[in-house]
Amino acid sequence: GIFTVTAGKIDLTNYFDNNVSANDETTQFISGAFVNSSAFAVPANSPGVRLRTTLADIFHLQVGLSSADNSGKDLLKDVYRIASVGFTLCPESDYESNLRLYGYQHPLADDGMGWGVSFDNASFGAFNIFARYGRNEASTSEYCGVESAWSAGTRFVKNIAGRTTVLGAAFGENDPRQAVLNRERIAEFYIRRQLNEWASLSPHVQVVWNAGGSSEQVTIFGIRTHFNF
């Protein structure tokens, strides 16, 4: 547990910009802005390697390298680079708090850089709050279309009648690179109810203002089922 190496075709979002309350689109928020920062310019699953070291379960340092264009030939031609540090207070307790800082350099954006911070806190093991912020420099935001983004929300977990019930709410803003586009605002609310040992059900409401930088407002209602065998 002191030193970890992950290699192969990897998803860097599994290890960077993590968040306990908003990072799993299968059981938590559906909106992409609450799974990872909208400003996080990261390649799709690609050949790469991630190295992490952890000290006393409180401090961790990790670095990642991956092919920016999912190449299996010229692995060292366009290499995406990312590093992060993290701090955990009261680890593995009902009051665990995490703070993660990361920075990256994208070769397909003229080696432009960006950075982000992710925070989550638990109180009494039931009430959780979280927040994210990310920002890109000019060439990176030109490449991915987002100059900065922030999001914040809460998650409440309660055992009712022997089954886990989760309430989640979040709000965020995405600031586009192009000045002619409007700032996009996103909100989501969901209730997740564990039906039995292997199935859960969660209705979701998503509202997007200035969707994609336009003046359009979109409201989406949906129900998600999740099976885990």
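Q: What do buried and exposed count as here?
A: Buried means under 20% relative accessible area, exposed means over 50%, and partly exposed lies in between (1.4 Å probe, protein chains only). Tyr104 has a relative accessible area of 2%, so this residue is buried. Tyr102 also counts as buried, because its relative accessibility is 5%. A word on the source: this is a predicted model, where local features need pLDDT of at least 70 and side-chain atom pairs count only at pLDDT 80 or more, while totals for chains, interfaces and linings use all residues. Residues are numbered from 1 along each chain as its sequence is written, and side-chain values use heavy atoms, with hydrogens and water left out.

Q: Why is the pair of Tyr102 and Tyr104 stacked?
A: Rings of Phe, Tyr and Trp (its six-membered ring) pair if their centres lie within 6.5 Å; planes under 30 degrees apart count as stacked, over 60 as edge-to-face and the rest as tilted. The pair of Tyr102 and Tyr104 is stacked because the planes lie at 20°, with ring centres 6.2 Å apart.

Q: How many aromatic pairs does the structure hold?
A: There are 14 aromatic pairs. One of them is edge-to-face: Tyr95 and Phe124, at 5.3 Å centre to centre with 65° between the planes. This pair links distant parts of the chain, 29 residues apart, with Tyr95 in the loop between β4 and β5 and Phe124 in the loop between β6 (112–123) and β7 (127–136). Strands (E, at least two residues) are DSSP runs, numbered from the N terminus.

Q: Which residues form one aromatic cluster?
A: Look for Phe29, Phe34, Phe130 and Tyr190, which form one such cluster.

Q: How do I read a pocket or a cavity, and what is the volume of the largest pocket?
A: On a 1 Å grid over the protein atoms alone, a cavity is a set of points where a 1.4 Å probe fits but cannot get out, and a pocket is an open set with protein on both sides within 12 Å along at least five of seven lines; lining residues have an atom within 4 Å of a point. Grid points are joined across faces, edges and corners, and a volume is the space filled by probe spheres set on the points. Here the largest pocket has a volume of about 340 Å³. Of its 24 lining residues, those closest to its centre are Arg52, His60, Thr88, Asn98 and Arg100.

Q: What is the volume of the largest cavity, and which residues line it?
A: The largest cavity has a volume of about 40 Å³. Its lining is made by Ala33, Ser37, Ser38, Arg132, Ala149, Trp150, Ser151 and Asn174.

Technical notes:
Helices (H or I, at least four residues) and strands (E, at least two) are DSSP runs, numbered from the N terminus.
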